[in-house]
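Subject: Handing over the structure

Dear colleague,

I am passing on the structure that you will be working with, and below it you will find my notes on what was found. Please read them with the structure open beside you.

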Amino acid sequence: MKNSLAIIVNKTISVGCKVLKPILKKDGSVTPGYYASKINKNILNELEYPELRIGITGSSGKGTTTKLVAHVLKENGYNVVWNKNGSNLYNAAATLFLNNTSVISKKIKADIVLMELDESYINKVFDKNKLTHLVVTNLTRDQVARNGAPEVVYKKILGSIDNDTELIINGDDILVNRFTIDHTGKLVKYGIAKTKGDTSSPTIPVDGAYCPKCGSKIKYNYYHYGHLGDYKCPKCTFRRDPIKYEGSNVNLLSRTLKINGNKVNINSSFMFSAYAFTAAYALLKELGLEDQQIIKSFDTFSSKLEEFPYLGKRRIEMLDSKHENNLSYESSLSYIKSMPGDKTVIIGFDNVSRRYKFNDLSWLYDINFSVLDDKSIDKIYVIGKFKYDIYSVLIHNKVNKKKIILVDDYRNNLLKKIKNNSKGNIYSMVFVDTMGPILESLKEVK
Amino acid sequence: MKSIKILHLYYDLMNLSGEDGNMVAIRDYLDNQNVKYEIDRLSIKDKIDFNKYSLIYIGNGSRESQELARQDILKYQFQLKKLFKDKFIIATGNSFELFGESIDNKECLNLLPFKTLYLKEYVVEEKVIENNEVINSPIIAFVNRNSEAKIKDHFFINKDGIHVNEFYGTYFLGPLFIRNPYLLNRFMEKLFKKNDLKIKNDYKNVDILAYNEYIKNTSK
């Protein structure tokens with residue numbers, strides 16, 4: 001009775017949130033689950049789940065991978081319940097599951113439950129009904145003030161699964177590869193083969209420089225970026241190989257790679273996009289889908305054209321500026337550099353995090369900003385409350401001082417200043433808190 | 001001209017919180033002063049002669065990294081004991097715990113009189129220390145730790161860390177010298193003095209602007 005009531009409350013509040021969305025300015029992805037959990041705090045343990053319960057987690061790339069997997073599964077006729085808005089904490093999962101649960105049978109009406117999961121919440125969401133499959137995309141420094149070191153996150157994930165969970169892990173990531181030591185259930189690895197952009201030494205401080213099995217210094221053949229690459233311990237058996245699903249022939253500019261002999265079109269020129277497609281392929285193969293089914297749906301996913309705003313003829317790309325995650329942040333910087341033609345960059349923030357009040361700036365010094373010291377970068381507009389801190393890190397990274405413009409009030413017609421004083425496409429590397437005013441100023445300048 | 005030799009110890013282990021920024025701050029300071037210097041980055045399995053260095057710096061690390069460093073540094077216990085009285089050492093974050101008696105009951109260098117215990121929860125703090133005995137300006141600090149050194153006296157900055165002889169240990173982590181240019185200046189005065197060098201006063205630190213802005217914003 002209690003569970004039926006919780007489901008009804010969840011569904012009723014969800015409908016209410018939907019109706020009142022224009023007024024509340026919230027999508028109701030969390031609140032219904034919050035109140036349902038008040039009725040029964042163990043409600044998620046008492047539902048009947050589908051046979052396939054899939055989680056996708058990691059420090060970055062989990063959102064794109066989840067969207068891609070959901071797209072392929074749906075195109076191939078599966079009924080998938082998944083968190084399309086990316087809300088991945090307990091109350092969000094409760095909202096989603098209960099909205100798709102029968103009041104009478106308590107059964108979730110789906111073939112597959114697919115969740116992008118925060119590393120710290122896997123155990124809370126899938127407590128009694130453990131995941132059947134878990135993809136781990138990578139483990140990097142990520143909001144250390146909230147999560148602790150990557151090893152802490154690793155242990156949380158390990159404690160959230162059991163031997164019945166099949167792991168699909170990124171073998172290029174030495175920190176993730178540690179599951180090969182500790183997980184005794186089924187495990188397969190995916191990865192990306194050597195690419196043209198690889199380096200022989202790391203460009204930023206590398207986590208996992210020592211073997212998690214024997215403590216010896218790890219030897220790398222090459223680095224894709226950060227600590228991702230091809231490595232092995234010179235003293236014991238710990239190594240990247242064997243990789244069951246390997247992406248190769250990566251060409252980020254033409255947005256293609258090969259997986260298992262198939263040409264795959266990916267949806268962006270970021271390396272993490274290549275990883276997302278390889279991870280999705282690995283998972284879908286493990287679920288039993290055929291190459292043809294997967295590749296065809298990959299194509300329909302990638303063919304959706306992104307729409308960009310323009311300043312005259314200059315394209316504006318609002319990039320994901322993931323703070324406190326040095327690999328994600330540096331990937332965006334490298335992406336900007338790799339794009340053809342002259343570029344103007346906007347960079348900055350008013351707050352470090354949306355989740356807590358701390359303004360820990362340590363992560364700025366885990367990023368190689370010298371990437372921006374490139375002749376194709378015309379100007380770098382530095383904005384926000386911490387503009388002088390960014391200015392410092394750029395100068396310490398030997399970026400040409402003459403290219404850096406400190407903006408006092410970015411809310412006041414920033415794009416007009418950019419239009420008249422710089423050239424090339426515009427790449428915005430600002431935090432979500434500063435995106436709005438920039439896009440607003442586009443209306444004024446037009 | 002004499003070259004200043006600096007050791008960045010366990011650079012590939014104790015680097016969790018942007019600690020490379022401290023070496024960048026020191027490097028750029030020395031470049032601006034136009035002095036010759038060498039920065040050696042050494043770690044586990046390297047053979048280290050600590051006598052060669054005017055300054056030794058170690059940064060913050062994860063619990064597992066700290067444990068690897070602890071096991072390694074013990075082999076230098078005798079060497080470090082001999083030179084500890086005069087050696088200029090700066091240890092930020094949990095790295096200074098290595099110089100105490102023990103961490104979670106595991107043997108450490110035993111050069112300083114304190115034991116360290118693990119905490120169940122993390123202590124995360126962002127603060128500005130207005131009045132301190134180290135410099136005449138506020139110190140911007142960030143703390144993120146899950147251990148506690150039981151220090152009774154010889155605190156370094158107010159009630160934080162430890163200062164004995166030429167050893168300076170603090171739980172304040174990250175790019176402390178980037179964020180605190182006056183603190184960097186204080187330590188560089190010491191380094192220059194130890195090397196019979198004089199600081200040129202016309203040096204303009206690029207980090208002063210960020211420092212002033214942060215102090216202004218937090219005092220509102």
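Of the 220 residues of chain B, 42% count as buried, where buried means that 20 or more other C-beta atoms, placed from the backbone, lie within 10 Å of a residue's own, exposed means 12 or fewer, and partly exposed lies in between. Please keep in mind that this is a predicted model, in which local features need pLDDT of at least 70 and side-chain atom pairs count only at pLDDT 80 or more, while totals for chains, interfaces and linings use all residues. Residues are numbered from 1 along each chain as its sequence is written, and chains are lettered from A and ligands numbered from 1 in the order in which they are written.

Chain B holds six helices and 10 strands, these being DSSP runs numbered from the N terminus (H or I over at least four residues for helices, E over at least two for strands). Its radius of gyration is 17 Å, close to the 17 Å that the globule rule gives for 220 residues, so chain B is as compact as a globular protein of that length; the radius is taken over C-alpha atoms, and the rule is 2.2 Å times the number of residues to the power 0.38.

One residue to look at in chain B is B:Asn195, which sits in the loop between α5 (181-194) and α6. B:Asn195 is partly exposed, with 15 other C-beta atoms within 10 Å. Leaving aside residues up to four places away in sequence, B:Asn195 touches B:Lys2, B:Ile4 and B:Ser54, a contact being two C-beta atoms, placed from the backbone, within 7 Å.

Between the chains, 31 residues of chain B are in contact with 27 residues of chain A. Among the elements that give two or more residues to the chain B side are α1 (20-33), β7 (115-129) and α6 (208-218). That side divides into 14 nonpolar, eight polar and nine charged residues, with Ala, Val, Leu, Ile, Met, Phe, Trp, Tyr, Cys and Pro counted as nonpolar, Asp, Glu, Lys and Arg as charged, and the others, Gly among them, as polar.

Finally, chain A is divided into domain 1 (2-302) and domain 2 (310-445), with bounds that come from an automatic or database domain assignment. The contact between them takes 19 residues from domain 1 and 20 residues from domain 2.
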